[in-house]
Amino acid sequence: MLFSLTTQQLMERPDLWEAVHRLRYKIFVDEMRWADLDRPDGLEIDQFDHDAAEHHLVIRNGELAGYQRMLPTTRPHLLSDVMPELCEGRRPSGPNVWELTRYAVAPGFRDGKRGVSTVGTELIAGFVEWGLGRNINQVIIEVEPVWVLRTLQLHFLATPLGYQRTYGNQQVVATLLTFNDHTLDVVRSRRNHHAPVLARGTPDMLGMRQAS
Amino acid sequence: MGHFDRTLEYIDQVQRAGTAAAVCERLLSVTSNFGLTALIAATVPQPGTSSSQQKDHVLLCDWPNEWLERYLTRNYVDHDPVVSHLKQLRAPFQWREAVQSMPADKSSDEVMRDAREFKLRDGLAFPLITLEGQIALVSLGGEAVELSDSEFAMVSLASTYAIGRAMQLQTTTSKVIEHIELTPRERECLQWAAVGKSEWEISQILGISEHTSEKHLLNAKSKLGAANRVQAVAEAIRHGYIS
């Protein structure tokens, strides 16, 4: 199940708040080595964790398994303020365009070595479902180029915003993804799971396994 | 028109292509300006895959038929330096880099010598990884390859969109989007079967005849391609129709 929480809602749940920022530290500082994000407390937090951000949490067996953060393009975001060089032409923005950042799957939930895990595809199904429910049909991603092929496999309409660039030992390309109900159908078919993934309300306390 | 605008236009054309052949043609119309006149895009088969099965891995191809046949029947994929290099590297590379990085080997020399017969002297290979974790590549070749950094960036992007379009065309024409439609009643019956209720019990709960509840379960079973009721329940849960 995927829960979408505002920063305020996330802060009201210290267990989730800490799990989120700890997972982000583990992935983006420890694994990806984005040294700029390093902090002594082992939590990764930046200026975009503001009150308009939406946090998507995938919870499996009472654990935080996956995460992504959605930012409105009507406020400063990564493409506008941190990596503007990734965009060659006009930067897409507006209430129907959000930016997806900090896509992360916790190490214990990566199925194969190279493919996208079920938590990974749940995050994708989740943002499409979430977007369609609130008149958002475009999402900006700054990703490694392999993701472009994957988004096309899922029948997103992908449009490059610029050429790929190298940051450290990583290649990054900014891409605009446009989606509709058909995209959601394809994502669900690919996952072999047709039920909605977006949950209402807030998750149980972490560490509490649901009896089922 | 700026360089990037031209790239966008090419990509747009590739995305509008309705067949694999049209994708090939549109990609090559751009790359042939840089000496890249031949194209193959495929997922990489496991070593030991038979040549007829290797054919199924091909997504885009405008190689001369004779060369493709020879490549498949002689199982060149297991000796092609471009393919071996690809498995180790995630970044795009030039064919000649692949040849140089390999220890001299008779069978790989043969592949490259044969390729030259078909005017494939050098080229570019773009490694990619699919959603399922399969290694894929777009390989473009020709007699003399020459392109600037920005042209390389353009070809790289256009290649990704070309193989992506080819994959989309393949899934729309075949299976994948096989959404199974269960009726609300079939779903309800399965839901009760999942908690161990018999056909008679289900009929009492739902206020229908035992015969009708049996019929709903049989229909659901066949829609889900299940052999028996236990498997039907398991499949329905796995697909998310019931919880």
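Are H9(B) and H10(B) parallel or oblique to each other? In this predicted model, helix H9 (residues 184-194) of chain B packs against helix H10 (residues 199-206) of chain B at an angle of about 125°, and their axes lie 10 Å apart. Angles over 145 degrees would count as roughly antiparallel and those from 65 to 115 as roughly perpendicular, and the two helices H9(B) and H10(B) are therefore oblique to each other. The crossing of H9(B) past H10(B) is right-handed. The residues that meet in this contact are set out by helix in the table.

| Helix | Residues in the contact |
|---|---|
| H9(B) | B:Glu188, B:Cys189, B:Trp192, B:Ala193 |
| H10(B) | B:Ile202, B:Ile205, B:Leu206 |

By class, the contact of H9(B) with H10(B) has 6 nonpolar residues, 1 charged residue and no polar ones.

At the level of domains, chain B is divided into domain 1 (3-173) and domain 2 (184-238), and the centres of these two domains of chain B, taken over C-alpha atoms, are separated by 49 Å.

In chain A, A:Glu142 has its place in strand S5 (residues 138-143), and it counts as buried because 23 C-beta neighbours lie inside 10 Å. Leaving aside residues up to four places away in sequence, A:Glu142 touches A:Leu78, A:Leu79, A:Met83, A:Leu86, A:Val172 and A:Ala174.

Helix H6 (residues 181-191) of chain A has buried residues as well, among them A:Leu184, A:Val186 and A:Val187, and the buried residues of H6(A) pack against helix H4 (118-132) of chain A. After H6(A) comes A:Asn192, whose phi is positive, near 60°.

Methods: Residues numbered from 1 in each chain as written. Chains lettered and ligands numbered in written order. Predicted model: local features only at pLDDT ≥ 70, side-chain atom pairs only at ≥ 80, totals over all residues. Helix = DSSP H or I, 4+ residues; strand = E, 2+ residues; numbered from the N terminus. Buried ≥ 20, exposed ≤ 12 C-beta atoms within 10 Å, placed from the backbone. Contact = placed C-beta atoms within 7 Å. Domains from an automatic or database assignment. Axes fitted to C-alpha atoms, helices over the stretch in contact; angles between N-to-C directions. Parallel < 35°, antiparallel > 145°, perpendicular 65-115°, else oblique. Left-handed = near helix turned anticlockwise from the far one by under 90°. Nonpolar A, V, L, I, M, F, W, Y, C, P; charged D, E, K, R; others polar.
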